Amino acid sequence: MELYNSLINETKSLLESRSARIWDYNERDTWNDNGVSELVLQKDAAYELGAAGRGSANYVLFTSNSGLVDRDQVILYGKDLNELKGDCDFARIVLLRVGVLDEDDEAVYRTLKDIEFSKYHVYPEGYMVRMSPENYREQIRVSKNAIRRGISFRSVGMNYIREYKKDANVINATVIFTTDPAVDYEKLKTLAKKSADVTGTLTHILEGLPTDCSVCALKDICDEVEGMKELHFGVGDKSDKHGH
């Protein structure tokens, strides 16, 4: 699963010049999980992350390369939850190392989507998540009570890692949070869209794309993502039928 590797490298290059705090995964450090989504009213909120008018991005990237993702960890760029004084920019990016997925392409696609949907099963107490997949954004409302009780990105990140690792295909999970105002959130949002395009292209390949690149609507993403053309022309018997 190397289709997302260039996006992982671009994400890292955008952030690596920033100072970061890093915590290795320890399940004992997870925050209390409600098991269901919690409504945090505005009057009870300390602030919002990624609120309207603020930078925001949210995406998941996969790889089988241990050189790109080699451990379970939480990384924070910018201020932690107890250090923030008001609404701010926000991004949450997840890098997952998965085992070699040698099933047929449809099964691989379903596996990736199942893993990605793990994010909808994380409900930290006092941490209300609102996602906008079509805009590649995530907005968080954090309660004043959760701040008083010591909620942190470290503990919330541990919740996400615990959930992702419930899937036997996930070897390592790195969860990245950023509230740093100097980060280029528009660029992160562009990478989020590219990630969605890669996953979406997989579905179109399974449905049967035209094999004439000049008329294919997904030519740009195929040109940009290493391995996508090979996957396209390697599906089923297309390579034999069309001479590719």
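**Strand pairing, a helix and a serine**

User: What makes strand 6 and strand 7 partners?

Analyst: Strand 6 and strand 7 (residues 137-143) run antiparallel and are joined by 6 bridges. Two strands pair if DSSP finds at least two bridges between them, so these two qualify. Within this pair, methionine 131 stands opposite glutamate 138 of strand 7. Strands here are DSSP runs of E with at least two residues, and helices are runs of H or I with at least four, numbered from the N terminus.

A word on the source: this is a predicted model, where local features need pLDDT of at least 70, side-chain atom pairs count only at pLDDT 80 or more, and totals for chains, interfaces and linings use all residues. Residues are numbered from 1 along each chain as its sequence is written, and side-chain values use heavy atoms, leaving out hydrogens and water.

User: Why do strand 2 and strand 6 stand at the edges?

Analyst: The open sheet has 3 strands in the order 2-7-6, paired antiparallel. Strand 2 (45-49) and strand 6 (127-132) each have a single partner strand, so one side of each lacks a neighbour in the sheet.

User: Why does the span of helix 4 agree with what it should be?

Analyst: The expected span is 1.5 Å times one less than the number of residues. For the 12 residues of helix 4 (residues 153-164) that gives 16 Å, and the end C-alpha atoms are 16 Å apart, so the two agree.

User: Why is serine 64 called buried?

Analyst: Buried means under 20% relative accessible area (exposed is over 50%, partly exposed in between; 1.4 Å probe, protein chains only). Serine 64 has 19%, so it counts as buried. Serine 64 lies in the loop between strand 3 (56-63) and strand 4 (73-77).
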